[in-house]
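Keep the viewer open as you read.

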Amino acid sequence: MNEEILLAEHTGHADVSSGEPEFWTNPSISGYGKIHLLPRSAYQPPPDRVYHVVFAISAKSSEPGIVNPSLEQVARAVNLYVASGVTVEQLRFVAIAYGTATPITLNDLQHEAIFGMKNPNLPLIEELGDAGVDVAVCGQSVAIHNYGFDWIDGSVTIALSAVTTISSLQQKGYALVQS
């Protein structure tokens, strides 16, 4: 590898004009979960397997107008697997929001009534759904927040609870990623 490419990889500034790929990319979830390709790094996921992961999303965004960082982490995971040669059809991902993260699942009407703006998470939730990710919300958290169940966006699955979702999926072999 020549010195210019090494410098670009080290500083994060790839030379696009020379045909080098951009430093950050979104191979599957467009505009979210950016990744840097590292084709010679360790622990690459073998592309001939199916991956089962449940993401526990419990933290709220720092501001109601920005996409939840834990939801971004789900997009990043999809992008990492796809960049490694795993197809979205091989991903069995569930993202369960609960606790202070519950508002990320509100429909635009209710989010705007509570926070004064449309829900910035819904475009990402839609893209995740298109990639086969089931974004769910803890029904108990919905009730605790005094939200109506019809306030939850139609693209979100209402689960009995986060604890039953996570434990049931772990019993089926899902790996837990805590966000």
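Helices here are DSSP runs of H or I with at least four residues, strands are E runs of at least two, and both are numbered from the N terminus. One thing to keep in mind is that you're looking at a predicted model. By that bookkeeping, the protein chain has six helices and five strands. Trace the sequence and you get α-β-α-β-α-α-β-α-β-α-β. Of the 179 residues in the protein chain, 41% are buried. Take the contacts between residues at least 6 apart in sequence, and 66% of them join residues at least 24 apart.

Now for the sheet. In what order do the five strands line up? The order is β4-β3-β2-β1-β5, in an open sheet with parallel pairing. The strands β4 (157–159) and β5 (175–178) sit at the edges with a single partner strand each, so one side of each has no neighbour in the sheet. On average, neighbouring strands are turned by 25 degrees against each other, direction ignored. Zoom in on β2 and β3, which run parallel and are joined by four bridges. Here you'll find Ala95 opposite Val135 in β3. Helix α6 (residues 162–171) packs on the sheet and touches β1, β2, β3, β4 and β5. The direction of α6 makes about 160 degrees with that of β2.

On to the greasy part. The largest nonpolar core has 33 residues, and those touching the most other members are Ile29, Val78, Phe93, Leu124 and Leu128. Two or more residues each come from β1 (51–57), α2 (69–83), β2 (91–97), α4 (122–130) and β3 (134–138). Helix α2 gives the largest share of this core, six residues. To see the packing from one side chain's point of view, pick Leu128: beyond residues up to four places away in sequence, Leu128 touches Ile29, Leu71, Val74, Ala75, Val78, Val133 and Val135. There's also a second, separate core of eleven residues, including Val54, Ala136, Ala159 and Ala162.

Finally, have a look at Glu72, which belongs to helix α2. Is Glu72 buried or exposed? Glu72 is buried, and yet it has no salt bridge. The nearest side chain of opposite charge is Arg76, 4.4 Å away, and a salt bridge needs a side-chain nitrogen within 4 Å of a carboxyl oxygen. What does Glu72 contact, leaving aside neighbours within four places in sequence? Its partners are Tyr32, Gly33, Val67 and Leu124. Leu124 is also one of the residues touching the most other members of the largest core.

Key. Residues are numbered from 1 along each chain as its sequence is written. This is a predicted model: local features need pLDDT of at least 70, side-chain atom pairs count only at pLDDT 80 or more; totals for chains, interfaces and linings use all residues. Side-chain values use heavy atoms; hydrogens and water are left out. A nonpolar core is a set of buried Ala, Val, Leu, Ile, Met, Phe, Trp, Tyr and Cys residues joined through side-chain atoms within 4.5 Å. Buried means under 20% relative accessible area, exposed over 50%, partly exposed in between (1.4 Å probe, protein chains only). Contact means heavy atoms within 4.5 Å. Lys and Arg count as positive and Asp and Glu as negative; His and the chain ends are not counted. Two strands pair if DSSP finds at least two bridges between them. Axes are lines fitted to C-alpha atoms, for helices over the stretch in contact, and angles run from 0 to 180 degrees between N-to-C directions.
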